[in-house]
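I opened the model today to look up helix packing and the nonpolar cores. My notes follow.

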Amino acid sequence: MVDDCAAGGKAGRVNYRVRNLDIVDMSELGEVVRAGVSTAPHFCPWHTPPMALKDRLFHHPIVWKLGQRTQKYLFPYYSRRLGADDLLFINRGYEEDPPMALPLEASDEPHRVGIQFYHRTATQADLSGKRVLEVGCGHGGGAAYLVRTLHPASYTGLDLNPTGIAFCRKRYDLAGLDFVQGDAENLPFPDQSFDAVINIDSAYNYPHYRRFLAEVVRVLRPEGHFLYVDGRLRGHIADWEAALAGAPMRMLSQRDINAEVVRGMDETSQQWEDMIHRRMPAFLHRIARANWGLRDSQLYREMQSGGFMYRMYCFAKA
């Protein structure tokens, strides 16, 4: 976690003081600097570098690796700050053209685009009477909606974020729904425990993606379904596809959903802006906006241009 940063008088001199050295490998940070940060004499995570430099940093694999390694610290902080707003959905949202017009109860309507992301992903298979695991359940809004509407026999939501899991356990009281704090790369369940695994807008944060896929396959029963939405930078798609092809699962369907996710981001952007300004200190506003991909953020632009691609998948365990 960056505690402070300052630029020296000469271009290229960037000094960092970093807390928790187990989070950031200094040799990796040095590679980021050599890759382009050193060209910006005033680079700092809460300053705005020139657009060309921002593009280079956004696409650099070490930047993404460092980002993955800090998520387990950022999300508990976001939960503490934003949970007071009863934030139930952390995904970026999903809307089709024409709109899905999914029938919702009045209490669900404020969460429409988040719910639609879950509905479209989960209904790729029949979950009625099934044992379901969601990896990366966030604040549990999707889990609660699917339990109420699709009627699985049981639904377990797992997340690395202990503050988020505490929020879920306090917020929801539904038969068959439980929440577990745990690691997506080391799932705390026996082999062949579930008929379906759901993972939405989360796995790009996992440092060891192939390990996650191996765990999904391990806990799925034969012919069980992996219902999955994720995204990657355009330059990382080949590795993503190779990892999926190497897992012992059959791909039943695949869809590119950038347009649908961008519409969802448009719908939720103002809500996120309001929460960030109301609940977070001013010096973190820029970081939070970038992390959630709000309008005019680098992620939002990459989504619009196709530099970052979202896909929806349905797999069956071979």
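How are helix 9 and helix 10 oriented to each other, roughly parallel or roughly antiparallel? I looked at a predicted model, where local features need pLDDT of at least 70, side-chain atom pairs count only at pLDDT 80 or more, and totals for chains, interfaces and linings use all residues. Residues are numbered from 1 along each chain as its sequence is written, and side-chain values use heavy atoms, with hydrogens and water left out.

**Helix pair.** Helix 9 (residues 258-279) packs on helix 10 (residues 285-292) at about 150°, with axes 10 Å apart. Helix 9 and helix 10 are therefore roughly antiparallel (angles over 145 degrees). Helices are DSSP runs of H or I, at least four residues, and strands are runs of E, at least two. I listed the contact (heavy atoms within 4.5 Å). Helix 9 gives W272, E273, I276 and H277, and helix 10 gives H285, A288, R289 and W292.

**Cores.** I then checked the largest nonpolar core, which has 45 residues. A nonpolar core is a set of buried Ala, Val, Leu, Ile, Met, Phe, Trp, Tyr and Cys residues joined through side-chain atoms within 4.5 Å. Buried means under 20% relative accessible area (1.4 Å probe, protein chains only). Y155 and I198 have the most contacts inside this core. Helix 5 (residues 141-150) supplies its largest share, 6 residues. A second, separate core of 29 residues includes L133, F226, A243 and F315.

**Whole chain.** I noted 11 helices and 9 strands. Of the 318 residues, 54% are buried.

Note on methods. Buried < 20%, exposed > 50% of the residue type's maximum accessible area, 1.4 Å probe, protein only. Axes fitted to C-alpha atoms, helices over the stretch in contact; angles between N-to-C directions. Parallel < 35°, antiparallel > 145°, perpendicular 65-115°, else oblique.
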